[in-house]
Amino acid sequence: FRDFTSSRLDSNGRRRVARTSGRPVFDRFGRFHGYRCTGRDVTEEWEAAQRLRESENRFRSLVENLRGIIFIRGVAGSGPFGYDERGVQIFGADAMELAGAVETAAWYGLVHPDDLPGYLEAERRRKEHGQPYSMEYRVTHARTKEERWMRETGWVVEAPEEGRRYLDSYIIDVTEQKRATLALQDSEVR
């Protein structure tokens, strides 16, 4: 057997994890006498892996329960690295269409023409200077052609160990809140 992992409690009641590899030992008549094994304490590795699994589960739960969509993109044409399925509801495009449009003019075609210059400027400052932004803009739903309001927060994540720079964004649909605000402003003006 190879890399058999087992755990036990030490004299202080702390869990210790060991990884063992071994082979059976037989006498000259073929009778089994036990195992010759080597093992090592892998408690720290096991605990680190456990913490990583727990962290990934918490992160996955957070992302899956957000009301918006998340983009993780590489800089300088290295393409999308992540995408949250809620974009289908917000933008009316399937995941592959939307992810493929991230680095193309098709993505910017969803943004309302009046809001596009401000959006492009915020994106330029983020790409060139690492400046985060938070802004509201309108998009047109690809299928229904309905105008929706989005609030996007964008930032840069440096990953020097990978030699990459990521552009992360979180987008939520704020159409209902925006309509209520505009209706209230209209009412106050009247």
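1. The buried residues of helix α5 are Y119, A122, E123 and R126. Viewed along the axis of α5, these buried residues sit within an arc of 95°, so they line one face of the helix. The opposite face, turned away from the buried side, carries the exposed residues P117 and H129. This is a predicted model, and the remarks below should be read as remarks on a prediction.

2. The dimensions of α5 can be checked against expectation. The helix covers residues 116-129, which is 14 residues. From the first C-alpha to the last it reaches 19 Å, close to the 20 Å expected at 1.5 Å a residue. Just after α5 comes G130, with a positive phi of about 70°.

3. For orientation, the protein chain has 6 helices and 8 strands. Along the sequence they follow the pattern β-β-β-α-β-β-α-α-α-α-β-β-β-α. Of the 190 residues in the protein chain, 31% are buried.

4. Which residues make up the largest nonpolar core? There are 11 in all: I69, Y108, V111, Y119, A122, Y133, M135, Y137, V139, M150 and I171. Helix α5 and strand β6 (133-140) each supply at least two residues of this core. The most comes from β6, which gives 4 residues. In soluble globular proteins, nonpolar side chains tend to be buried together. Two residues named in point 1, Y119 and A122, are buried residues of α5 and also belong to this core.

5. E121 pairs with R125, and their closest N and O atoms are 3.4 Å apart. Both residues lie in α5, 4 residues apart, which is about one turn of the helix. E121 counts as partly exposed because its relative accessibility is 31%, between the limits of 20% and 50%. R125 is likewise partly exposed, with a relative accessible area of 30%.

6. The count of salt bridges comes to 18. Side chains of opposite charge can pair when their charged atoms come close. One of these pairs is R19 with E45, where the closest N and O atoms are 3.7 Å apart. R19 lies in strand β2 (residues 15-26) and E45 in helix α1 (residues 43-64), so the pair ties together parts that are 26 residues apart in sequence. R19 counts as partly exposed at 25% relative accessibility, and E45 counts as partly exposed at 42%.

7. Are R148 and D173 buried or exposed? Both are buried. Their side chains meet in a salt bridge, at 2.9 Å from N to O. This pair links distant parts of the chain, with R148 in strand β7 (residues 147-159) and D173 in strand β8 (residues 164-173), 25 residues apart. R148 and D173 also belong to a network of salt bridges that links E146, R148, D173, E176 and R179.

8. The surface has a nonpolar patch of about 570 Å². It is made by F1, F4, F26, F32 and Y35. One of these residues, F1, is found in the segment before β1 (4-9). At 41% relative accessibility, F1 counts as partly exposed.

9. The segment before β1 also includes D3. The phi of D3 is near 55°, a positive value in a residue other than glycine. Most residues other than glycine have a negative phi, and most peptide bonds are trans. D3 counts as partly exposed, at 46% relative accessibility. A reader viewing the model may wish to look at this residue together with F1, which is found in the segment before β1 as well.

Terms used
Residues are numbered from 1 along each chain as its sequence is written. This is a predicted model: local features need pLDDT of at least 70, side-chain atom pairs count only at pLDDT 80 or more; totals for chains, interfaces and linings use all residues. Side-chain values use heavy atoms; hydrogens and water are left out. The expected span of a helix is 1.5 Å times one less than its number of residues. Buried means under 20% relative accessible area, exposed over 50%, partly exposed in between (1.4 Å probe, protein chains only). The arc is that of the directions from the helix axis to the C-beta atoms. A nonpolar core is a set of buried Ala, Val, Leu, Ile, Met, Phe, Trp, Tyr and Cys residues joined through side-chain atoms within 4.5 Å. Patches are made of residues with over 30% relative accessible area and no salt bridge: like charges are joined within 9 Å, nonpolar side chains (Val, Leu, Ile, Met, Phe, Trp, Tyr) within 5 Å. Accessible areas come from the Shrake-Rupley method with a 1.4 Å probe; for residues, only the protein chains shown count as cover. A salt bridge is a side-chain nitrogen of Lys or Arg within 4 Å of a carboxyl oxygen of Asp or Glu.
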